[in-house]
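Please keep the sequence and the 3D view open while going through it.

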Amino acid sequence: MNNPVLLIVIPLLLAFLSVIIKKAGKWLLLVGLLFNTALAFFITTGETIIGGFAPPYGINLVVDQFTLVGVILINTLMLITIVVSFDLVGKYSIVLLTALAGINGMLLTGDLFNLFVFMEITVIAAYILSAQAKKYHHTITYLVIGSVGSVLYLLGIILLYNLTGSLNMADVAAKLPLLTTKELLVPVLLIFIGIGVEVKLMPVSGWVKGVYSNANRLIAPLFASVIAGTALFVFGKLFVSVLPVSDTLTLLMLIMSVMTFVFGEFAAFNQKRVKNILLYSSIGQAGLVTALFISGLVYAAVILLISNVISKLIMFTIAGAFTEKYETDDYESLNGVFVHNKFTGIAFTIAALSMAGIPLLIGFYAKLNILIGFFQAQNYVLPAIILLMAIVEGAYIIKLLLALWAPGKEGQVSEKSFAVEKKQLLSVKNTIICLIVALVIIAGGVLIDITEKVVTDGQPLLGDQSPSFTISQSKGGE
Amino acid sequence: MTVMNFVYGFIVLLAAFIFQTALTGVNRKVTARIQKRYGPRWYQQFLDIFKALRKGSITHGWVFDFGVIMALGGIMATVIFIPVAGFEAFPNMDNVFVISYLLAVGMLGMAMSAAGSGNPWASIGVSRALTNMVAYDVPLMIVIFTLIFAFDTASVSEIAAMQQGMGVLGWNAVRMPLGGIVAFIALFGMLGKKPFDSFIAPAEIASGPMVEYGGKHLGFMFILHELMTFIEVSLILSLFFGGGSSILVYAIKYAILYTLVNIISQVMPRFKIDQAVKFFYRVPLVFAIIQGLVVIFLGWGVSVWF
Amino acid sequence: MTLITVLITLLTLAAVTYLLSLVNSKLGAYFTIVTSLATIVMLFLIKDSIGQSYSLSFFTFKLTTVGWYFSMVMVTVYFTTAFLNPFWIKKMIYPAAYNLFFLVSLIGTIGMFFARDFITLFICWETVVWTSTFIIQMGKSRKSSYVYYVVSAIGSMVTLFAMMLVYQVSGTLEISTAFSALSGQPVLALIVFFTFILAGLSKIGIFPFHVWLPMAHGSAPHTFSPVLSGGLVKMGAFIAYLSVTAFAAYEVFANTFTIMGIPAPLYIIMVLGAISIVVGTVMAIRQDDAKKLLAYSSVANGGYILIGILLYDQIAFAGGMLHLISHALASATAFITIAIVAYRTGTTKMSELGGMIHRMPVTYTVYLIAIISMAGIPPMGGFVSKWLILQGLADRGLLFLAAAAFFGSIGSFMYVFRPLSAVFLGQLAPKYEKIKEANIMMQIPMYLLTIATLLVGVFPNVVLRVIADIQLEAGIQEIVLVGNTIVVSNGVLDALRVFIVFGYGFLIALVIFILRRKSRRVTLMDTYTSAEFIHTPELLHYSSNFYAPFERLTKKPYPVLNLYEKVSIKIKEIGHMAESLFSSSKPAITIFWIIIVFAIFFLGGVL
Amino acid sequence: MIRVASLLLLMIGLYGLLSTRNVIKMIISINIMELGVNIFIVSIGFVTNGVAPILTSQVNSSLSNFVDPLPQALVLTSIVIGLGITALGLAFARKLYKKYGTYDLAKIGGMKDE
């Protein structure tokens with residue numbers, strides 16, 4: 001029963017069913033998500049062959065601890081997103097189910113071309129979802145850039161196939177050491193850029209602003225945490241275990257990632273709209289996650305990725321609610337909005353603080369792991385950059401939080417009467433869900449040994465050798 | 001600490017008051033001679049003070065009274081700590097920082113009382129007086145700091161004792177000439193003598209802090225002024241001009257120093273207060289720092305050079 | 001009773017306070033008093049077990065004398081300030097959160113002072129930063145809260161870098177042993193020193209990190225400014241303490257270039273302290289807002305504390321540690337009195353006030369004693385500590401530091417007098433005719449703090465004995481105390497005797513005064529006005545531009561003031577550039593970038 | 001030769017995307033790119049004088065000069081996906097035209113975005 005294929009097949013099946021039974025679409029979506037989430041917790045690590053061909057030739061699904069974390073996380077996040085914004089699903093249930101299948105496929109597949117197919121399924125679903133805002137030129141921009149990315153990725157894997165004679169990830173990885181850097185340069189580069197479009201690396205992330213900033217309460221968290229999270233997991237899998245490339249290429253990719261990180265954070269600092277801040281911050285964080293993957297700090301990257309997608313889920317949901325209720329998400333015109341929505345505000349604040357890396361939240365645990373990992377690798381430049389960016393990040397987050405919590409002009413004592421008019425941002429159910437997710441952020445940061453146990457299950461992720469922060473370390477080696 | 005200490009303290013207080021008041025009287029005559037007047041009798045200052053104390057007065061509220069008492073109390077306590085020719089009412093209490101900061105209690109009390117009168121002239125005067133203090137005190141304190149470093153003691157009487165027995169050449173003003181100049185100039189500022197008297201400028205701000213005083217309050221102010229003068233001149237005398245081995249020598253040196261300051265000030269114009277600050281921070285401060293560096297890094301002037 | 005029990009009890013009490021505040025915010029505010037009092041009691045209870053270690057999850061603590069001393073200073077300030085909470089709590093936008101954060105920041109500081117490893121230190125530190133950030137925003141200004149956070153973040157992030165660097169080198173996070181691994185590596189030690197101490201500098205408001213301090217202290221809720229200035233600033237002093245003890249800066253830098261026997265890196269930090277004294281003093285003199293004035297005075301006093309602690313010797317170190325408590329008491333008192341004036345009048349602008357003494361004599365007297373201490377005038381606490389610092393500086397011949405110290409201490413007469421004159425003395429404006437003295441509840445903290453200030457000033461040896469223990473713990477020569485006398489190599493001070501002689505002088509003056517004829521009471525308007533007829537009291541009150549001549553001399557702004565603004569604008573510019581380059585809604589531009597990236601990588605990879 | 005030609009097609013597609021602001025033309029450019037890549041994929045499997053990789057009675061030696069069948073399988077999938085994307089893109093283009101009355105992205109961008 002716990003066959004990972006079901007994660008892909010059932011959503012697809014339900015998608016077809018919901019074409020037939022249009023009225024039940026919403027519920028079918030919910031069923032699919034519940035099924036997937038439940039199943040995700042039961043699948044075990046291993047390999048599943050599809051179609052009868054043995055691996056180097058046939059398509060297989062590979063479940064290792066890394067994938068498992070991804071599958072559980074992404075399915076759960078998608079479930080939460082859909083549950084929170086269930087009222088907005090409407091006729092998108094088919095698309096969402098297809099996307100669910102595509103996402104699980106992307107995470108699970110062990111074949112490069114199969115990955116391309118699932119990616120296209122997901123991305124096409126994403127194009128359609130992005131059209132929800134009725135800003136078609138943004139959708140077309142996304143479509144054009146996305147298609148170019150896909151084409152480049154396709155070209156990349158074909159070149160790789162030409163070199164290695166295989167499209168199976170494990171097989172390619174095994175044959176890679178035989179190739180020279182110059183041979184690998186073009187295919188790896190093409191794959192990097194192709195995936196980079198979905199991961200939102202900086203020069204190729206032109207579509208992000210148009211799509212994210214107009215997305216609603218359903219679409220925005222879906223893009224920012226579900227799809228982006230998936231893309232990052234795939235990136236990690238490709239560049240850590242499949243294409244562990246040589247120094248020159250690593251350096252170039254690292255530069256691009258770090259550049260994304262720095263520019264993303266700087267751009268976020270420059271924004272006035274909540275969603276814009278969040279989207280640039282996701283671009284920046286995506287850059288950091290890829291930098292970590294490329295540097296081989298898989299565990300730190302995964303923790304950061306988890307903390308980031310969870311935070312973004314809450315924050316984008318609430319940001320979507322801003323536009324929904326107040327028709328703006330400019331934080332200055334939302335002055336004191338949390339006065340009337342304290343619990344929503346608390347959830348938002350915890351998510352934001354975790355992003356800024358305040359201690360005892362999971363973001364801080366991620367930061368600690370990153371720092372320890374880099375320092376252990378004798379790399380002092382990146383930690384310095386990361387910490388400097390943490391200041392910038394903290395600065396825009398605190399500015400945002402202050403504007404949203406404390407109404408009143410400069411020089412006035414904050415009073416409730418200065419706040420924007422009272423509207424309920426999220427329903428009680430959704431507020432509770434957001435608070436529960438926020439609780440996960442706290443629990444993940446406080447109970448760090450449990451976090452580590454859950455994420456790694458006692459084994460290094462993708463052969464990650466970098467150290468992680470543990471409770472015993474703080475005791476000074478007693 | 002016995003009753004005798006307090007008795008001695010009272011004697012010092014009384015002696016200081018009588019001596020300085022008489023000297024002020026004499027100097028009023030000296031001033032008059034410089035200005036080609038005849039001048040009052042030498043004991044005129046006593047008469048003024050006792051007359052003021054006997055007259056009725058007005059008060060502007062409790063802080064007006066309290067400030068005066070606090071000022072006089074603080075100044076009296078400071079006088080008690082001043083070592084005169086090696087004699088100390090309370091042994092080992094003549095720390096230079098204690099003296100200079102205890103002096104500030106008196107000043108604060110006076111300023112408080114003056115501002116409490118509600119007269120803006122008084123407040124302006126206080127504001128100028130405090131600015132003036134920032135001007136002269138920093139260079140002076142740096143020089144005193146240098147002395148403390150050089151002699152490894154902050155006791156006024158010990159510093160005075162170390163200058164004695166070598167004649168004029170033993171004086172710190174001679175051993176550390178720049179420091180001596182700074183101290184001498186700062187003395188003008190401390191005493192509020194021209195050119196640094198803008199805070200009491202009678203024609204300009206109606207005597208500044210003193211504007212509202214009359215009767216016994218004014219008498220208190222007079223006493224206060226005499227005692228403060230005594231503290232300031234004594235301090236400079238002990239620290240830079242060798243103090244005195246006996247009361248007589250001390251008194252003579254004191255009289256000469258004070259009269260000299262008075263004579264010079266009589267031929268001076270008046271600085272505006274910001275000019276005073278600029279002056280002190282341009283010349284004496286630089287001198288003081290140079291002197292400090294010379295003493296600290298070269299050791300010149302610490303041990304006598306011959 | 002262990003430290004862990006104390007902390008857990010406090011956290012529980014904080015939670016209880018929060019819940020009570022949700023029901024009734026005023027009740028919760030009273031509970032903050034109870035909780036902080038409980039903290040004091042518990043701190044006394046655990047004093048006997050100094051030297052023991054505790055751990056809880058990834059927190060580890062060690063009970064030290066210095067931690068105990070810092071905690072006592074901190075909790076005293078919190079306890080006394082808490083008395084004001086019930087009166088302001090209704091004005092807070094989030095009363096329950098205020099009470100919670102108030103207590104959590106207290107717990108955070110205590111945890112930080114007893115922290116045994118870097119992670120605990122950092123977590124507690126950040127807790128305090130964030131809770132206080134959220135409290136400050138409840139005051140007048142959001143921007144100040146923002147600046148406060150950013151400057152704190154600069155400090156804490158850079159310090160985190162140092163901690164991780166040390167961890168990498170030594171393999172341990174325990175503060176007391178981790179630094180020892182640095183002894184053989186001077187360059188690394190230098191980096192760690194400057195990065196580690198940055199948090200301290202930013203918190204204590206040392207130039208050029210002082211920008212946040214006047215903003216935050218000036219516009220925080222009135223009930224929190226005393227805590228910020230009297231308490232939280234002292235966290236920076238703790239970092240400075242760690243940098244000379246655990247980091248052992250004097251030993252690590254023993255072979256580097258020294259200036260007057262002080263290793264150059266330490267001297268640089270001390271010079272920064274000296275600059276803060278000068279800048280803080282000059283800026284304080286220029287302020288019109290009483291709270292900002294006091295805030296700048298905290299900058300200046302932070303400089304004294306820093307210099308004292310970093311000198312790490314018998315005399316000045318004791319002075320720095322003593323100044324910690326005397327400034328905490330004086331500054332908290334001054335802020336509390338200004339808060340009470342603001343409570344009654346609604347403003348802290350000196351030019352709008354005047355003559356408060358006629359309505360609030362107790363507040364006036366308390367403020368007077370506070371500023372006497374702050375200006376370092378005997379017989380109050382501030383004098384003894386400044387005396388020790390100055391004696392210590394004179395002993396070592398540190399001329400430039402001393403010059404700044406002198407300027408600061410004489411300049412402090414100027415700035416402390418200004419609120420005294422402009423707020424309390426002078427003419428009483430008719431609109432304040434009806435205001436009342438602070439009520440009993442508000443007077444309690446004033447009495448407590450005043451008595452404490454006086455006690456520290458008259459019996460400094462009680463505190464200095466604890467400081468001698470700290471010196472013993474830190475491994476330096478203890479300050480010599482004989483009965484009531486402090487004996488240092490170049491001077492002695494018997495503060496009690498100074499007080500008695502002052503009382504003697506006061507008594508003589510009082511006797512003379514009483515013996516003379518009683519004076520006649522006249523109104524404030526009945527003054528000499530040079531034959532002008534002025535009938536409005538406001539016009540007869542000299543309070544704005546109080547030090548106009550001095551301000552004229554110092555009106556040129558110094559460059560660091562808008563440094564942060566410039567950096568922020570630069571960041572925004574780069575952000576804008578990135579946005580317009582990489583986030584265009586036109587696909588062509590992205591395609592262009594793909595080609596460029598491809599080209600760069602291709603060239604980079606081929607070459 | 002075919003590979004060079006196919007890469008040239010890719011370049012032409014890219015050039016098209018760089019130079020045009022018209023949505024329809026952009027979609028066509030993408031199609032040209034995809035075409036280029038598809039041809040490239042097929043060309044990879046090309047073997048001179050190769051035979052179809054089907055075991056028949058004539059060709060039963062595993063040493064035969066088989067053409068690689070995988071690229072051909074891949075290209076089919078790729079074409080289908082390309083078709084899907086084209087269709088979707090055109091649908092959006094139509095919606096765009098309905099809403100703004102133009103296919104020119106630059107004009108729309110300047111019109112009332114944000």
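**Notes on the predicted model**

1. S6(C) has a partner in strand S5 (residues 480–482) of chain C, with which it pairs in the antiparallel sense over three bridges.

2. Chain C is assigned three domains: domain 1 (1–114), domain 2 (115–503) and domain 3 (566–606). The C-alpha centres of domain 1 and domain 2 of chain C are 21 Å apart. Their contact involves 38 residues from domain 1 of chain C and 43 residues from domain 2 of chain C.

3. Which elements of domain 1 of chain C supply at least two residues each to the side that touches domain 2 of chain C? They are strand S2 (59–62), helix H3 (65–82), helix H4 (85–88) and helix H5 (95–113) of chain C. H5(C) gives the largest share, 11 residues. By residue class, this side of domain 1 of chain C has 26 nonpolar, 11 polar and one charged.

4. Among the four pairs of chains that touch, chains B and C have the most contacts. In this interface, 72 residues of chain B are in contact with 63 residues of chain C. Elements giving two or more residues to the chain B side include helix H1 (3–34), helix H3 (62–81), helix H4 (96–116) and helix H10 (215–240) of chain B. The largest share of that side, 16 residues, comes from H5(B). The chain B side divides into 44 nonpolar, 21 polar and seven charged residues.

5. Strand pairing also joins these two chains: S1(B) and strand S8 (residues 520–521) of chain C pair in the parallel sense over two bridges. The bridge partner of B:Ile58 in S8(C) is C:Arg520. By contrast, no contact joins chain A and chain B, and their closest C-alpha atoms lie 29 Å apart. Chain B and chain D also have no contact, with their closest C-alpha atoms 57 Å apart.

6. The largest nonpolar core has 597 residues, and those that touch the most other members are A:Ile157, A:Phe223, B:Val79, B:Leu102, C:Leu310 and C:Ala402. Helix H5 (residues 120–151) of chain B gives the largest share of this core, 20 residues. Leaving aside residues up to four places away in sequence, C:Ala402 touches B:Ile142, B:Phe145, C:Leu390, C:Leu393 and C:Ala394.

7. In chain A, is helix H14 (residues 342–356) mostly covered or mostly uncovered? H14(A) is mostly covered, with 12 of its 15 residues buried. Among the buried residues are A:Thr344, A:Gly345, A:Phe348, A:Ile350, A:Leu353 and A:Met355. The buried residues of H14(A) pack against helix H12 (274–295), helix H13 (298–326), helix H15 (362–376), helix H16 (381–405) and helix H17 (428–446) of chain A.

8. The length of H14(A) can be checked: at 1.5 Å a residue its 15 residues should span 21 Å, and its end C-alpha atoms are 20 Å apart, which agrees. Just after H14(A), A:Gly357 takes a positive phi of about 80 degrees.

9. Chain A is divided into domain 1 (1–245) and domain 2 (300–478), and the centres of these two domains, taken over C-alpha atoms, are separated by 25 Å. Contact between them involves 21 residues of domain 1 of chain A and 23 residues of domain 2 of chain A. On the domain 1 side, helix H3 (65–84) and helix H10 (219–242) of chain A each supply at least two residues. That side divides into 13 nonpolar, seven polar and one charged.

How values were computed
Residues numbered from 1 in each chain as written. Chains lettered and ligands numbered in written order. Predicted model: local features only at pLDDT ≥ 70, side-chain atom pairs only at ≥ 80, totals over all residues. Core = buried A, V, L, I, M, F, W, Y, C linked by C-beta atoms within 7 Å. Buried ≥ 20, exposed ≤ 12 C-beta atoms within 10 Å, placed from the backbone. Helix = DSSP H or I, 4+ residues; strand = E, 2+ residues; numbered from the N terminus. Contact = placed C-beta atoms within 7 Å. Domains from an automatic or database assignment. Nonpolar A, V, L, I, M, F, W, Y, C, P; charged D, E, K, R; others polar. Pairing = 2+ DSSP bridges. Expected span 1.5 Å × (residues − 1).
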